[in-house]
Amino acid sequence: MRRRVVITGLGVVAPNGIGKDEFWRANIEGRSGVSLIKDFDTSKLDTKIAAQVHDFDPLNFIPKVTVRKVDRFVHFGLASAKMAIEDSGINLEREDKNRIGISIGSVFGGVLFHEEQIITGYQKGFNRVNILSIPKVSTNAVSSNISIMHDLTGPNLAISTACASGTNAIGQAFRLIQNNDADVILAGGAEAPITPITFSAFCNLQLLSKRNDVPEEACRPYDKERDGFVLGEGGAVLILEELSHALTRNAYIYAEIAGYSFNCGAYHMVLPEPEGVQAAKVMRATLREAEIKPYEIDYISAYGNSTQPNDKAETKTLKAVFKEHAYNVPISSIKSMIGHTAGASGAIETVSCVLALESNLIPPTINYKHPDPECDLDYVPNKARRARLDTVLLNSFGVGNNNACMVLRRFNNNET
Amino acid sequence: MKHREIEERVRYILSESLDIPLGQIKLSTLLVDELGLDSYGILEITQEIEEAFDIKLIKESAVFPKLVTVKDAADYVYKSMRNISK
């Protein structure tokens, strides 16, 4: 029998809340984290809004020396890791550190400092480009810095599969523990893409909502008048642990990871695969591993990014996989509140799914006003909903058609 | 810039970069043995000094690691600046 993997700790830095309690309260109250960008000049851009993390002081989580030497996405990752370790109650000094690994997703790495160095290079000469740009820009800066900080010498991964990075980072960690390569893994994602060049490129790609006059209402997945996603930033880290390891140390178990699968739609670098054939395949494979029938899924945390093509394609795919049950199962997208945090999104959404299971509450899809005949499922519009939840499906579909799905299940001790 | 002023600024840069109280960084403090600078750390400090004083030292980085104390570093910056102004 395969080793079972449970979740025993949560850490999150989201645009609508820092720490699991604040984040969850915001989700249930339907609070948006979207606002006008004030960090750089957006006057020539069509989009002037983003889901930024405000009131975040990295010094509350990370030593001063480290804060200076890493980029903002690493601040989010290290802060999330610290919260997750504390939440899990694990005493790392008592553990075999060769059996503890890290797996962190990120799409862009530390782009802010790198962008600034490009300007320095052109203005002052390339021999003035700062050496810190290499350790700061590296996508593995979160995973490696967590290891260095806590002396964790187990498997170490940085995963970059676009918007599915966070989900794949957790999924690969799940596999590593199942396969006995580690007993504990800090898994999640971190992203800080609200930087002048990266944000502008997204904006010019015409993927972002232009509702600058009402930022908190801009992201509206499945609404007929949705006009694009809102770029976000943040991070989340979860403690994944082999079941007997968690039981031995009397850890609080939030949930069990029951299934995971990933693939690629092999269609286009930006557009989603319109019929969602490969996305459906991943959903089915995930349910199969979890030994769960589609009608047994109690809630779907959708990818729902608020673009016209994605929300339509995802709805089609859900109907293909879930048939009649597609109309019964509650589906919601917390991107309506926290925007699209790219490589962090799958990880932040996993934290949301875990908290939904724990509290039997489904976070809403906010800003849902105008029904779209092509998106006609139950998207839990505008208000959180109480429901008994035992199984949750999480969808992540990234640009470049990177698909990843995961099934989380309420932990049942009787099966051991 | 006066020699004394350069010494103070070098001490300040080291203090900020390494998060060590300024009082613990004396001119006689040893860069490697006491401040724990490794080869990468030396490069980092070199670059911070370059930015602070608007001078170029890195291509002479072979020289920099041979500096033993905080005073040696400040003297080296002083000399480099005089060479530029000449």
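Tutor: Start with A:Ile37, which is found in the loop between β3 (34-36) and β4 (49-51) of chain A. The model is a predicted one, and every value below is computed from it. A:Ile37 is partly exposed, because 19 other C-beta atoms lie within 10 Å and a buried residue needs 20 or more. Leaving out residues up to four places away in sequence, A:Ile37 touches A:Thr42, A:Lys48, A:Ile49, A:Ala50 and A:Ile194. The C-alpha atom of A:Ile37 is separated by 33 Å from that of A:Gly171, 134 residues apart along the chain.

For a contrasting case, go to A:Asn168, which lies in helix α7 of chain A. A:Asn168 has 29 other C-beta atoms within 10 Å and is therefore buried. Its contacts, not counting residues up to four places away in sequence, are A:Gly105, A:Ile159, A:Thr161, A:Phe262 and A:Ala404. A:Asn168 and A:Ala404 are 236 residues apart in sequence, yet their C-alpha atoms are 6.3 Å apart in space.

The axis of α7 (residues 165-178) of chain A comes within 5 Å of the axis of α13 (residues 345-359) of chain A, and the two cross at roughly 65°. Because angles of 65 to 115 degrees count as roughly perpendicular, α7(A) is roughly perpendicular to α13(A). On the α7(A) side the contact is made by A:Ser165, A:Gly166, A:Thr167, A:Ala169 and A:Ile170, and on the α13(A) side by A:Ser345, A:Gly346, A:Ala347 and A:Thr350. By class, this contact has three nonpolar, six polar and no charged residues.

Now the domains. The domain assignment divides chain A into domain 1 (5-248) and domain 2 (259-415). The centres of these two domains of chain A, taken over C-alpha atoms, are separated by 21 Å. Their contact takes 63 residues from domain 1 of chain A and 57 residues from domain 2 of chain A. On the domain 1 side, the elements of chain A that give two or more residues are β1 (5-14), α1 (20-29), β4, α7, β7 and β8 (234-242). The largest share of that side, eight residues, comes from α7(A). By class, the side of domain 1 of chain A that touches domain 2 of chain A has 33 nonpolar, 20 polar and ten charged residues.

Another helix of chain A is α6 (residues 141-150), in which A:Ala141, A:Val142, A:Ser143, A:Asn145 and A:Ile146 are buried. The buried residues of α6(A) pack against α3 (72-88), β5 (100-105), α5 (133-137), β6 (156-159) and β7 (184-191) of chain A. Just after α6(A), A:Asp151 takes a positive phi of about 60°.

That leaves chain B. The secondary structure of chain B comes to three helices and zero strands, and of its 86 residues 15% count as buried. Among contacts in chain B between residues at least 6 apart in sequence, 61% join residues at least 24 apart. Seven residues of chain B are in contact with six residues of chain A. Helix α2 (residues 39-53) of chain B gives the most to the side of chain B that touches chain A, with three residues. The residues of that side of chain B divide into three nonpolar, one polar and three charged.

Technical notes:
Residues are numbered from 1 along each chain as its sequence is written. Chains are lettered from A and ligands numbered from 1 in the order in which they are written. This is a predicted model: local features need pLDDT of at least 70, side-chain atom pairs count only at pLDDT 80 or more; totals for chains, interfaces and linings use all residues. A residue is buried if 20 or more other C-beta atoms lie within 10 Å of its own, exposed if 12 or fewer, and partly exposed in between; C-beta atoms are placed from the backbone. Helices (H or I, at least four residues) and strands (E, at least two) are DSSP runs, numbered from the N terminus. Two residues are in contact if their C-beta atoms, placed from the backbone, lie within 7 Å. Ala, Val, Leu, Ile, Met, Phe, Trp, Tyr, Cys and Pro count as nonpolar, Asp, Glu, Lys and Arg as charged, and the others, Gly among them, as polar. Axes are lines fitted to C-alpha atoms, for helices over the stretch in contact, and angles run from 0 to 180 degrees between N-to-C directions. Angles under 35 degrees count as roughly parallel, over 145 as roughly antiparallel, 65 to 115 as roughly perpendicular and the rest as oblique. Domain bounds come from an automatic or database domain assignment.
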